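Thank you all for making time this morning. I would like to walk you through one structure, so please have the sequence and the model open while I talk.

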Amino acid sequence: MSSHCSLHRLPQAGVDPIDSDVVARCLLDALVSTPLRHETIVVFLDHQRRGISILTVGGTIPFDSLFDVIDVIIDVGIEIEQLGAVVLYTVRPPTVGVPDLDELDVDRWLEASAMLDDAGIELVEWFVVGALVTSPRDLLGEPPRWTGATA
């Protein structure tokens, strides 16, 4: 998926921060099923943005099933004291004539971010993986949330 990974090693859980788009995209390459299938992958991060755990939820169709995944994150987050943030990857295998991003994905980003924020968990990024890897946050024009990120 990405040519960045040959330049970077995968972050070690509990040691290396996931603090940039490049690092997160490298992790994506290692986590996503091949061939692509409908799934949402959650990377749980501590307050220093180091990986704590990974959760993969298969069959995340319809697209609003993202909110079911968010509910699980919040429930799990209550049990994980060190949980500070998450990175999400939603895989939507490419379909001819269907765009990777749904017209409601910006609204989903805003709602997912608010739901997690209310639970004290930051949504750092949500990647939608199809023919391309995109972020609804970019469409909104919201600045990146990576530590030390620049707009």
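Let me begin with a question: which residues in H1 are buried? They are Val 23, Ala 24, Arg 25, Cys 26, Leu 27 and Leu 28, and please keep in mind, here and throughout, that we are looking at a predicted model. As for what covers these buried residues of H1, the cover includes the strands E1, E3, E4 and E5.

That brings me to the sheet itself, which is an open one made of 5 strands in the order E2-E1-E3-E4-E5, with mixed pairing. Strand E2, residues 51-58, and strand E5, residues 133-134, each have a single partner strand and stand at the edges, so one side of each is left without a neighbour in the sheet. If you follow E5 to its partner, you come to strand E4, residues 122-129, and the two pair in the antiparallel sense over 2 bridges, with Val 128 standing opposite Thr 134 in E5. Helix H3, residues 105-118, lies across strand E3 and E4, and it runs at about 150° to E4.

Now to the loops, beginning with the prolines. Pro 62, for its part, sits in the loop between E2 and helix H2, and a cis peptide bond, with omega about 0°, joins Ile 61 to Pro 62. In the loop between E1 and E2 there is Arg 49, which has a positive phi of about 65° although it is not a glycine, and which counts as buried at 10% relative accessibility.

Is Asp 100 buried or exposed? Its relative accessibility is 15%, and because the cut-off for buried is under 20%, Asp 100 counts as buried. Leaving aside its neighbours within four places in sequence, Asp 100 is in contact with Arg 92, Asp 105, Val 128, Gly 130, Ala 131 and Leu 132. Of these, Leu 132 is 32 residues away from Asp 100 in sequence, while the two C-alpha atoms are 7.2 Å apart in space. The side chain of Asp 100 reaches the backbone nitrogen of Leu 132 at 2.9 Å, and a polar atom of that side chain lies 3.0 Å from the backbone nitrogen of Ala 131.

Methods: Residues are numbered from 1 along each chain as its sequence is written. This is a predicted model: local features need pLDDT of at least 70, side-chain atom pairs count only at pLDDT 80 or more; totals for chains, interfaces and linings use all residues. Side-chain values use heavy atoms; hydrogens and water are left out. Two strands pair if DSSP finds at least two bridges between them. Helices (H or I, at least four residues) and strands (E, at least two) are DSSP runs, numbered from the N terminus. Contact means heavy atoms within 4.5 Å. Axes are lines fitted to C-alpha atoms, for helices over the stretch in contact, and angles run from 0 to 180 degrees between N-to-C directions. Buried means under 20% relative accessible area, exposed over 50%, partly exposed in between (1.4 Å probe, protein chains only). A polar contact is a pair of N or O atoms within 3.5 Å; within protein, one must be able to donate a hydrogen and the other to accept it, and residues adjacent in sequence count only if both atoms are side-chain atoms.
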